Structure formats: C-alpha cells, structure tokens
Amino acid sequence: MSLTFLTRRNQGFLWVALLAAGAITSAMMLQYVFDVQPCAWCVLLRLIFVALGIVGIFGWLFQGQRAVRIVASLLSLALALSGVATGLYLHLVASHSSSCNFTLADKIVMALGLDQALPMVFKVGASCDAAVALVLGVPSALWAVALAVASIIVTVRALRR
C-alpha cells in the first residue's frame, strides 16, 4: 500500500479539515471549560466550520478525481468566505447588540434543527453581547476569521498545484 495520500502535494484539503477542527475544538473549550455560552452567530460559525471540515476531509480523500477536487475547492472557498463574513459580522455588529430579536443566524440554526439534534454543539446559550470571549487578548470571532482566511489561502494554494 502506497502512502501517496500523505505527500506534500496532497495536504491542502487535510489542512482545511485540521483548521476547521481547531476552530470547533476551540469553541467547545470556550463553552465547556471556560463557560462562555455561544450566541446564535457563534453557533452559525460552528456550523460553517463543521461543514468546512467535512468538505476538507471529503476533498482530501477523493482529490484524485478532478471533478471532486474542483467541487470541494469551490465549496471550501464558499464556506471559508462565509466564515470570514460571519466572524466579521459577529465582531463588528452582533457583539455590540443586546437585542433579543431573532437574527438570520437564529433562523438558520432553528430551520436546520441543529439546536435540537445536537444541542451540545449547536444550542444557543447567550446573546451576542454576552458571548464575547478573548483568547490571548483577541476576540474569538477574530480568531475564527483568521482560521477562515487561512483556509482560503490553503485552498487557493491547493488549487494552483
């Protein structure tokens, strides 16, 4: 059995999956170790990173097929860009609002039923202004943006090969 799936050329999608896993792990640690309950936008970011991780694994496993690689790359880029937009919105807008109105993030999470299916991961537990967490002095939303940007860079580099 050959280990060609571990060559440097083939690691782009694996890095995307690892970055997404890091984002989810960090979010879960904030919630369950440091008791920072997630807001609706935080939960939406989790959903984006879970989807990004799944696409990364799928792209990594089936990258030998050109069509799969292209679809996985496009999905990865779309999800990572969504992560950037969501993280920036959370940091710049939602974290400064104490409103209890249902937002787009609430509607998406509720429509998908994820808050009921996997409440340990996707249940909203705080308003956005109460869910601000600093990690090494940087808001967690900006860490999510950084991980999403890193995913974009890795995906673009993998596409160029």
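Modeller: Isoleucine 57 is in helix 2, residues 40-61; helices are DSSP runs of H or I with at least four residues, strands are runs of E with at least two, and both are numbered from the N terminus. This is a predicted model, in which local features need pLDDT of at least 70, side-chain atom pairs count only at pLDDT 80 or more, and totals for chains, interfaces and linings use all residues. Residues are numbered from 1 along each chain as its sequence is written, and side-chain values use heavy atoms, with hydrogens and water left out.

Biologist: How many aromatic pairs are there?

Modeller: Rings of Phe, Tyr and Trp (its six-membered ring) pair if their centres lie within 6.5 Å; planes under 30 degrees apart are stacked, over 60 edge-to-face, and the rest tilted. By this rule there are two aromatic pairs. Tryptophan 41 and tyrosine 89 have ring centres 4.5 Å apart and planes at 45°, so this pair is tilted. Tryptophan 41 belongs to helix 2 and tyrosine 89 to helix 3 (residues 66-92), so the pair ties together parts 48 residues apart in sequence. Phenylalanine 58 and phenylalanine 62 also make a tilted pair, at 5.0 Å centre to centre and 50° between the planes.

Biologist: Is tryptophan 41 buried or exposed?

Modeller: Buried means under 20% relative accessible area, exposed over 50%, and partly exposed in between (1.4 Å probe, protein chains only). Tryptophan 41, at 8%, is buried, whereas tyrosine 89, at 36%, is partly exposed. Phenylalanine 58 is partly exposed at 45%, and phenylalanine 62 is partly exposed at 36%.
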